[in-house]
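Hello,

Here is the structure we talked about handing over. Please have it open while you read; my notes follow below.

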Amino acid sequence: MDSEIITVRTGSQPVVVDLTSQASSFLRGRGDGLLHVFVPHATAGIAVLETGAGSDDDLLAALADLLPADDRWKHRHGSRGHGRSHVMPALVPPYATLPVIGGQLALGTWQSVCLVDLNVDNHDRQVRFSFVTSG
């Protein structure tokens, strides 16, 4: 298994960050297998979705409806509503495993691999790409 960690700056607002180009760069020159994408943080997730046409904003809006940034959360350290970020990985898991064919992600036409981060207290995230060959 080959593995690499990248750092992603997420900033101070909830975001969806497209990681597809970084994943594709990691896979360049590799054959067939599986790409496992993992974010080792208790408050972030990995999603496969369309970006750039509003779906990324729709996801953030849906998460804001499901997990409001208010004072209802028992986990209360950090900024207001921080506890919601600890619940989010149950809805948007911290990993995805994707097929790779000929060194390229086998995604659908509109699919992208994305980091989802609601936590405004941590501005930098690490993402691990791991490649397992099929042979």
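**Helix α1 and what follows it**

In α1, the buried residues are Thr-20, Ala-23, Phe-26 and Leu-27. Viewed down the axis of α1, its buried residues fall within an arc of 125°, so they line one face of the helix. Just after α1 comes Gly-29, with a positive phi of about 85°. Keep in mind throughout that this is a predicted model.

**The three-strand sheet**

Next, the sheet. Three strands form an open sheet in the order β2-β7-β4, and the pairing is antiparallel. The edges are β2 (15–18) and β4 (44–49). Each has a single partner strand, so one side of each is left without a neighbour in the sheet. From one strand to the next, the twist averages 30°.

The pairing of β2 with β7 (residues 112–117) is antiparallel and runs over four bridges. Within it, Val-15 stands opposite Asp-117 in β7. Helix α2 (residues 55–66) packs on this sheet and touches β2, β4 and β7. The direction of α2 makes about 145° with that of β2.

**Salt bridges**

How many salt bridges does a search of the whole structure find? The count is four.

- Asp-2 and Arg-30: their side chains meet in a salt bridge at 2.6 Å, N to O. The pair links distant parts of the chain, 28 residues apart. Asp-2 sits in strand β1 (residues 2–9). Arg-30 sits in the loop between α1 (20–27) and β3 (33–38). Asp-2 is partly exposed, at 40% relative accessibility. Arg-30 is also partly exposed, at 22%.
- Asp-70 and Arg-72: the closest N and O atoms of this salt bridge are 2.6 Å apart. Asp-70 is buried, since its relative accessible area is 18% and the cut-off is under 20%. Arg-72 has 53% relative accessibility and counts as exposed.
- Arg-125 and Asp-117: here the closest N and O atoms are 2.9 Å apart. Both Arg-125 and Asp-117 are buried. Asp-117 is the residue of β7 that stands opposite Val-15.

As background, side chains of opposite charge can pair when their charged atoms come close.

**Two serines**

Is Ser-85 buried or exposed? Ser-85 is buried, because its relative accessible area is 1% and buried means under 20%. Its place is in helix α3 (residues 82–87). The side chain of Ser-85 reaches the backbone nitrogen of Asn-119 at 3.5 Å. Beyond its neighbours within four places in sequence, Ser-85 is in contact with Ala-42, Thr-43, Leu-118 and Asn-119.

Ser-130 lies in strand β8 (residues 124–133). Ser-130 counts as buried, at 6% relative accessibility. Which side chain does the side chain of Ser-130 make a polar contact with? The partner is the side chain of Ser-3, at 3.1 Å. With neighbours within four places in sequence set aside, the contacts of Ser-130 are Met-1, Asp-2, Ser-3, Phe-26, Leu-34, Leu-35 and His-36. His-36 is 94 residues away from Ser-130 along the chain, yet their C-alpha atoms are separated by 5.1 Å.

Over to you.

Best regards

Notes. Residues are numbered from 1 along each chain as its sequence is written. This is a predicted model: local features need pLDDT of at least 70, side-chain atom pairs count only at pLDDT 80 or more; totals for chains, interfaces and linings use all residues. Side-chain values use heavy atoms; hydrogens and water are left out. Buried means under 20% relative accessible area, exposed over 50%, partly exposed in between (1.4 Å probe, protein chains only). A polar contact is a pair of N or O atoms within 3.5 Å; within protein, one must be able to donate a hydrogen and the other to accept it, and residues adjacent in sequence count only if both atoms are side-chain atoms. Contact means heavy atoms within 4.5 Å. Two strands pair if DSSP finds at least two bridges between them. Axes are lines fitted to C-alpha atoms, for helices over the stretch in contact, and angles run from 0 to 180 degrees between N-to-C directions. The arc is that of the directions from the helix axis to the C-beta atoms.
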